[in-house]
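Dear colleague,

Please find the structure we discussed below.

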Amino acid sequence: ARRERVQPEGARVAYMSDDIFLPDRFVPWEKITRYDIAAFESALNDARDERDMQRFLEANPRLLVQQINGGRDVWVIPRQRLRRNYETDFMIAQKESTGLAWYGVELERPQAIMFTKKGDLSAALTHALRQINDWREWFSHNRDYAERPPKPSGLGPADIYPQLERVIIKGRDFDIDESTH
């Protein structure tokens, strides 16, 4: 069972089932302000590729938390290496009544389109879906390693389930042609 403790300084620390904790990855749910929206739009406008958005979202992880239903009690892990095979853009864990729900987040460049003019999935969206499916496959074959504590030799995400939810962040709403999807 997972439990939380309040540290004397007021820092909230998450203790996972085997006492793995992620104190520096906890992201409180806070209302997004118009300044946050302006900063996000500026980052989208200035981004040349997904790396620019990766840096922005690493510095502002609470904007990622907004994408998760409920958004409370969430931990954001940027660039999680899956041994030598893969690296996620983000892994997000959310506390639920049954334990932790895990999300794999794949970023694509903001200029990428989601659908072709015929309404088919774009190459970029197909790539993003395949990437997260590859992570799922990796977790299904490496669950023991994935759930072991980082020290001495594991990855550390408690309660990880191979069929983690997919979150793909790419493109912009105003770039979507309503008639094609």
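In what follows, two residues are in contact when heavy atoms of theirs lie within 4.5 Å. On that basis, taking contacts between residues at least 6 apart in sequence, 53% join residues at least 24 apart. Please note that this is a predicted model.

Overall composition

The protein has 5 helices and 9 strands. Read from the N terminus, these elements follow the order β-β-β-α-α-α-β-β-β-β-β-α-α-β. Of the 181 residues in the protein, 41% are buried. The accessible surface comes to about 10700 Å², and carbon and sulfur atoms account for 48% of that surface.

The sheet and the helices on it

An open sheet is formed by 5 strands, arranged S3-S4-S7-S8-S9, with mixed pairing. Strand S3 (26-27) and strand S9 (165-169) stand at the edges; each has a single partner strand, so one side of each is left without a neighbour in the sheet. The pairing of S3 with strand S4 (residues 74-78) is antiparallel and comprises 2 bridges. Within this pairing, Phe26 has Trp75 of S4 as its bridge partner.

Helix H2 (residues 50-59) packs on the sheet, where it touches S4, strand S7 (90-96) and strand S8 (99-107). The direction of H2 makes about 145 degrees with that of S8. Helix H4 (residues 123-141) lies across S7, S8 and S9, and runs at about 150 degrees to S9.

Salt bridges

Side chains of opposite charge can pair when their charged atoms come close. The structure holds 5 salt bridges. One of them joins Arg62 and Asp36, whose closest N and O atoms are 2.5 Å apart. This pair links distant parts of the chain, since Arg62 belongs to helix H3 (residues 62-65) and Asp36 to helix H1 (residues 34-46), 26 residues apart. Asp36 has a relative accessible area of 13% and is therefore buried, the cut-off being under 20%.

Another salt bridge is formed by the side chains of Arg48 and Asp52, at 3.5 Å from N to O. Here Asp52 is buried, with a relative accessible area of 15%, whereas Arg48 is exposed at 64% relative accessibility. Arg48 and Asp52 also belong to a network of salt bridges in which Arg55 takes part.

Asp49 forms a salt bridge with Arg51, with 2.7 Å between the closest N and O atoms. Arg51 counts as exposed, at 54% relative accessibility.

With kind regards

Terms used. Residues are numbered from 1 along each chain as its sequence is written. This is a predicted model: local features need pLDDT of at least 70, side-chain atom pairs count only at pLDDT 80 or more; totals for chains, interfaces and linings use all residues. Side-chain values use heavy atoms; hydrogens and water are left out. A salt bridge is a side-chain nitrogen of Lys or Arg within 4 Å of a carboxyl oxygen of Asp or Glu. Helices (H or I, at least four residues) and strands (E, at least two) are DSSP runs, numbered from the N terminus. Buried means under 20% relative accessible area, exposed over 50%, partly exposed in between (1.4 Å probe, protein chains only). Accessible areas come from the Shrake-Rupley method with a 1.4 Å probe; for residues, only the protein chains shown count as cover. Two strands pair if DSSP finds at least two bridges between them. Axes are lines fitted to C-alpha atoms, for helices over the stretch in contact, and angles run from 0 to 180 degrees between N-to-C directions.
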